[in-house]
Each structure stands twice: as C-alpha cells, then as structure tokens.
Amino acid sequence: MEKRLLKKGLLLAFEGIDGAGKTTQAERLHRLLAEDGWDVIRSKEPTDGQWGLKLRESATAGRLSPQEELDLFIRDRKEHVDTLLDPALRRGQIVIVDRYYFSTAAYQGARGFDPEKILQMNEEFAPPPDLLVFLRCGA
Ligand SMILES: Nc1ncnc2c1ncn2[C@@H]1O[C@H](COP(=O)(O)OP(=O)(O)O)[C@@H](O)[C@H]1O
Ligand SMILES: Cc1cn([C@H]2C[C@H](O)[C@@H](COP(=O)(O)OP(=O)(O)O)O2)c(=O)[nH]c1=O
C-alpha cells in the first residue's frame, strides 16, 4: 500500500536527560504512525555520520574542550539537516528525532555557553520542530 505523505513534512523531536525514555517513546510513536499508513522515519543526534562518530569516540578517548565539542555538535547537525532532515521534510515525510538542538542548549549551555545564543545559532540553519516533546522523570 502506498504510504501517506504530507504536503510539507512534520518534524517531531524528543528531548530529555539520558534514560528519560526518548528512544522508547520515539519507537512507539513511529510504530503507531507507520501502522496508520504514514511515511515516517526515525533519526537521532548525535548521528552516525563522520562528526557524530568523532563525538562518540571522544566519550572514550578523552573529553574535548567545550569549544571543540560545540563545533562538532553543530557540524553534525548541519550534516543531519542537509542530508536527511530537509530532504525528508521536502518529500512530505514525518521525521521523529531523538535529541535535537535543545540538547546543545542544555549540555553545551552547562559547559559555559549562553543557551539563548545556542538556540539562535541553530535556528539559522536547522528547521524548528513542529512538535517538541520534553520528557521529564522523577529522581
Ligand atoms: N515509561 C517508562 N517507565 C519505566 N521504564 C521506562 C519507561 N520508558 C522507558 N523505560 C526504560 O528506561 C530505560 C531508558 O529508556 P530509553 O527510552 O532508552 O531512554 P533515553 O532514550 O531517553 O535514554 C530503558 O531501560 C527503558 O526500557
Ligand atoms: C545532540 C546533543 C547531545 N549531547 C549529549 C547528550 C548525551 O549525553 C549524549 C548523547 O549520546 P548518545 O550516545 O546518543 O546517548 P543517549 O542514547 O543516552 O542519549 O550527547 C550534547 O551534549 N549536545 C548535543 O547537541
């Protein structure tokens, strides 16, 4: 059966600390929308692209400086937007992302950068989500 596309895609983002349930909810929503016939894909950040891999390596090889880390998350996101998010949205697909630029505001904000500036910097190139789900969990 032909999958249902939208005129202009939809971007749905899940945010929250590690273990909050982002992957679980993203999978459930993906399954429900796919069962309903929608053309829906899932993605995540950091990605499995060249910059995302570098970021993951740094988690074991020793932490990068705050500036290097911020630069890599931005490069990774630019690649994600150019190669996956923008084309999928243009095709009319629904895209579910596990972490997005709000994570940069929170985590790199915690390393000393101004969260507002981080949001502005990202919104210059990254499409804002149509829906942002922020998962909070009790201690
Ligand atoms: N609503 C929930 N209640 C209890 N446990 C949950 C719930 N959602 C997820 N979990 C469990 O919590 C852990 C972290 O969930 P996960 O979806 O991987 O979080 P995240 O992607 O935010 O790191 C997993 O073991 C998962 O099975
Ligand atoms: C997207 C993003 C993630 N992060 C951090 C949050 C997480 O600790 C880590 C994500 O790594 P990941 O391996 O995806 O962890 P998880 O699956 O548990 O979410 O990177 C940032 O610091 N800045 C960002 O912009």
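Y100 and Y101 are both buried, a term that stands for under 20% relative accessible area, with over 50% called exposed and values in between partly exposed (1.4 Å probe, protein chains only). The model is predicted, so local features need pLDDT of at least 70 and side-chain atom pairs count only at pLDDT 80 or more, while totals for chains, interfaces and linings use all residues. Residues are numbered from 1 along each chain as its sequence is written, chains are lettered from A and ligands numbered from 1 in the order in which they are written, and side-chain values use heavy atoms, with hydrogens and water left out.

**Aromatic rings**
- Y100, Y101 and F102 are linked by ring pairs into a cluster, where rings of Phe, Tyr and Trp (its six-membered ring) pair if their centres lie within 6.5 Å, and planes under 30 degrees apart count as stacked, over 60 as edge-to-face and the rest as tilted.
- By this rule there are two aromatic pairs; Y100 and Y101 make a tilted one, with 4.8 Å centre to centre and 45 degrees between the planes.

**Charges over rings**
- The charged end of R4 sits over the ring of W38, 4.1 Å from the ring centre, the criterion being NZ of Lys or CZ of Arg within 6 Å of the ring centre and within 35 degrees of the ring normal.
- The charged end of K78 sits over the ring of F125, at 5.0 Å from its centre.

**Ligand 2**
- The residues around ligand 2 (a heavy atom within 4 Å) include D18, E45, R56, F73, R99, T104 and Y107.
- Oxygen atoms of ligand 2 are approached by side chains: an N or O atom of R56 is 2.8 Å away from one, a polar atom of R99 lies at 3.1 Å, and a polar atom of T104 lies at 2.6 Å.
- Taken alone, ligand 2 exposes 550 Å², of which the protein buries 72%, with areas from the Shrake-Rupley method and a 1.4 Å probe.

**Ligand 1**
- Around ligand 1 are I17, D18, G19, A20, G21, K22, T23 and T24.
- Backbone N or O atoms lie 2.7 Å (G19) and 3.0 Å (G21) from an oxygen atom of ligand 1, and a polar side-chain atom of T24 lies 2.5 Å from an oxygen atom of this ligand.
- Taken alone, ligand 1 exposes 560 Å², and the protein buries 42% of that.

Notes. A polar contact is a pair of N or O atoms within 3.5 Å; within protein, one must be able to donate a hydrogen and the other to accept it, and residues adjacent in sequence count only if both atoms are side-chain atoms.
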